[in-house]
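Keep the viewer open as you go.

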Amino acid sequence: MVTGAVLSVGGEVHVTLVKAGRTKVRYPATVVHDDGVHAVVRALWARPTARDFGFVRFEPGDVFTEHYWRDRWYAVKEVRAGDGTVKGWYCDVTRPAEIGPGSIAVEDLDLDLWQSADGATVLRLDEDEFAQSGIEHRDPAAAARARQALDTLEDLARAGRLDTP
């Protein structure tokens, strides 16, 4: 079991998603839970404008309940519209989260998964970006863990268990 500094429920943290050594996005979130291994935070959509992915549209007012683990190679994010309606689950394949006082940082490994709220749509995303990233040559062990994490996420989605990861 991996443990570290436990975040205080109700406290604010900054979540940082790093990709290829650069900060992709950083935003504030409120801690909902942390047991030393699994941390859960809640945050609003971090951009001032909407972003349409084709299969889902994220927009101002959307609320993300984000699950991070210090020992798993992914993060699971439940996405709700501002009125509370579940849009679905967006999952990032990442290295295990680095969680410290006031912060959660994860390294994005390009692979993602989406599951619609009704469970009917499960999409593996960005496998082309993953292949082009060069990680399979630079760090084959991490690449294997990333592919395994994506398979695990797909299995959880198809079993209807992303809401209780």
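What follows covers a pocket, some aromatic rings, a histidine and a few salt bridges. Bear in mind that this is a predicted model.

Let's start with the largest pocket, which has a volume of about 510 Å³. It is lined by 25 residues, and the ones closest to its centre are K24, W45, R51, F53 and Y90. Where does the lining come from? Strands β1 (12–19), β2 (22–34), β3 (38–44), β6, β8 (86–94) and β10 (103–116) each put in at least two residues. The make-up of that lining is worth a look: 13 residues are nonpolar, 12 are charged, and there are no polar ones.

**The rings**

Now for the aromatics. The structure has 10 aromatic pairs. One of them is W45 with F64, a stacked pair at 5.9 Å centre to centre with 20° between the planes. W45 sits in the loop between β3 and β4 (51–52) while F64 belongs to strand β6, so this pair ties together parts that are 19 residues apart in sequence. Both W45 and F64 are buried.

Another pair, F58 with Y90, is edge-to-face, at 6.0 Å centre to centre and 80° between the planes. This one links distant parts of the chain, with F58 in strand β5 (residues 57–58) and Y90 in strand β8, 32 residues apart.

**A histidine in β6**

Strand β6 (residues 63–69) also holds H67. The side chain of H67 makes a polar contact with the side chain of H38, at 2.9 Å. H67 is buried, because its relative accessibility is 14% and the cut-off for buried is under 20%.

**The salt bridges**

On to the charged side chains. The whole structure has 16 salt bridges. Here are three of them, with the N to O distance for each.

| Salt bridge | N to O distance |
|---|---|
| R57 and E59 | 3.0 Å |
| D139 and R95 | 3.0 Å |
| D151 and R124 | 3.0 Å |

Take R57 and E59 to begin with. R57 is partly exposed, with a relative accessible area of 41%, and E59 is partly exposed too, at 27%.

The salt bridge between D139 and R95 links distant parts of the chain: D139 is in the loop between α2 (135–138) and α3 (140–158), R95 is in the loop between β8 and β9 (98–100), and they lie 44 residues apart. D139 counts as partly exposed at 26% relative accessibility, and R95 is partly exposed with a relative accessible area of 24%.

As for D151 and R124, their salt bridge joins helix α3, where D151 lies, to strand β11 (residues 122–125), where R124 lies, across 27 residues. D151 is partly exposed at 37% relative accessible area, and R124 is partly exposed at 29%.

Methods. Residues are numbered from 1 along each chain as its sequence is written. This is a predicted model: local features need pLDDT of at least 70, side-chain atom pairs count only at pLDDT 80 or more; totals for chains, interfaces and linings use all residues. Side-chain values use heavy atoms; hydrogens and water are left out. Helices (H or I, at least four residues) and strands (E, at least two) are DSSP runs, numbered from the N terminus. Buried means under 20% relative accessible area, exposed over 50%, partly exposed in between (1.4 Å probe, protein chains only). A polar contact is a pair of N or O atoms within 3.5 Å; within protein, one must be able to donate a hydrogen and the other to accept it, and residues adjacent in sequence count only if both atoms are side-chain atoms. On a 1 Å grid over the protein atoms alone, a cavity is a set of points where a 1.4 Å probe fits but cannot get out, and a pocket is an open set with protein on both sides within 12 Å along at least five of seven lines; lining residues have an atom within 4 Å of a point. Grid points are joined across faces, edges and corners, and a volume is the space filled by probe spheres set on the points. Ala, Val, Leu, Ile, Met, Phe, Trp, Tyr, Cys and Pro count as nonpolar, Asp, Glu, Lys and Arg as charged, and the others, Gly among them, as polar. Rings of Phe, Tyr and Trp (its six-membered ring) pair if their centres lie within 6.5 Å; planes under 30 degrees apart count as stacked, over 60 as edge-to-face and the rest as tilted. A salt bridge is a side-chain nitrogen of Lys or Arg within 4 Å of a carboxyl oxygen of Asp or Glu.
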